[in-house]
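Please read the numbered points with the model in view.

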Amino acid sequence: MKVGIMQPYFFPYIGYFQLIHEVDIFVVYDNIEYTKKGWINRNRIQQNGQEKTFSIPIKKDSDYLQISERLISPEFNRKNLLNQIRGAYGKAPYFKEIFPLLQEIILFSESNLFPYIYNSIVLLAEFLEIETKIRISSQIEMDHSLKGENRVIATCKALNADVYVNSAGGVDLYKPAHFQKEGVDLKFLKSELLTYEQFSQNFIPSLSIIDVLMFNGKKKLIDTLIEQYTQFGT
């Protein structure tokens, strides 16, 4: 049984969905502290040949709230975000195929940040025909006071998993011997260098899944791109 665990991200890059595809159960953290300067509620698209950041504005509150306690600002104009995406990708080859999905996701009326983003992850995974079971961390019976790799290992044990797969960016975060001692194999997933034709002659890498979908379409993602990664141990 393979498990992957990540924070929720709004329209993350393709590697996020490659990780979901690789594991049997994918856990999304809701009961950890919201990171103010992270990528939970923002990402990047391209606009006029340049990368452009878009975001979900968050209601001002304590910096120590968990992700599940953060609220979306009443000033968040969902239609404006859709118009921004329409303006950026209206002439993309798969715009008509992809835009209705983005409308469903962005117009979701939830005001709490976590279920709003969680809904987007689930809908995108379903659209890409990924059959992995997606779980919410707070709903797993375990000691939620644990931190770091101890929390990861406890999550794996609670789900009867013997393999934990993390993105390659987390190589320096974990001690393989600790996982092995607890009966869990530690693996990492690295996305292969992905390039494709965009509007600009200069390819802009690691953009939101929105960009990948607009220029490649659902079929190509399912048939080839979703599996363009390598897995390795430490």
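1. Two strands count as paired if DSSP finds at least two bridges between them. The model discussed here is a predicted one. In it, E2 and E5 are paired in the parallel sense, over 4 bridges, and valine 27 stands opposite arginine 135 in E5.

2. Helix H1 (residues 14–22) packs on the sheet, where it touches E1, E2, E5, E6, strand E7 (185–191) and E8. The direction of H1 makes about 140 degrees with that of E7. H4 also packs on the sheet, touching E2 and E5, and its direction makes about 175 degrees with that of E5.

3. The sheet itself is open and has 6 strands in the order E5-E2-E1-E6-E7-E8, with mixed pairing. Because E5 and E8 stand at the edges with a single partner strand each, one side of each is left without a neighbour in the sheet. From one strand to the next, the twist averages 30 degrees.

4. Glycine 233 belongs to strand E8 (residues 229–233). Its relative accessibility is 37%, so glycine 233 counts as partly exposed. Apart from neighbours within four places in sequence, glycine 233 is in contact with Leu186 and Lys187. Its C-alpha atom is separated by 8.9 Å from that of leucine 189, a residue 44 residues apart from it along the chain.

5. Which residues of helix H5 are buried? Within this helix (residues 148–158), they are Glu149, Arg151, Val152, Ile153, Ala154, Thr155 and Cys156. What covers these buried residues includes strand E1 (2–6), strand E2 (25–28), strand E6 (163–167) and helix H6 (176–181).

6. Two residues deserve a check of their backbone angles. Most residues other than glycine have a negative phi. Asparagine 160, which follows H5 and is found in the loop between H5 and E6, has a positive phi near 60 degrees. Asparagine 160 has a relative accessible area of 67% and is therefore exposed, the cut-off for that class being over 50%.

7. Glutamate 129 likewise is not a glycine, yet has a positive phi of about 60 degrees. This residue lies in the loop between helix H4 (113–127) and strand E5 (133–136). Is glutamate 129 buried or exposed? With 52% relative accessibility, glutamate 129 counts as exposed.

Methods:
Residues numbered from 1 in each chain as written. Predicted model: local features only at pLDDT ≥ 70, side-chain atom pairs only at ≥ 80, totals over all residues. Heavy atoms only, no water. Buried < 20%, exposed > 50% of the residue type's maximum accessible area, 1.4 Å probe, protein only. Helix = DSSP H or I, 4+ residues; strand = E, 2+ residues; numbered from the N terminus. Contact = heavy atoms within 4.5 Å. Axes fitted to C-alpha atoms, helices over the stretch in contact; angles between N-to-C directions.
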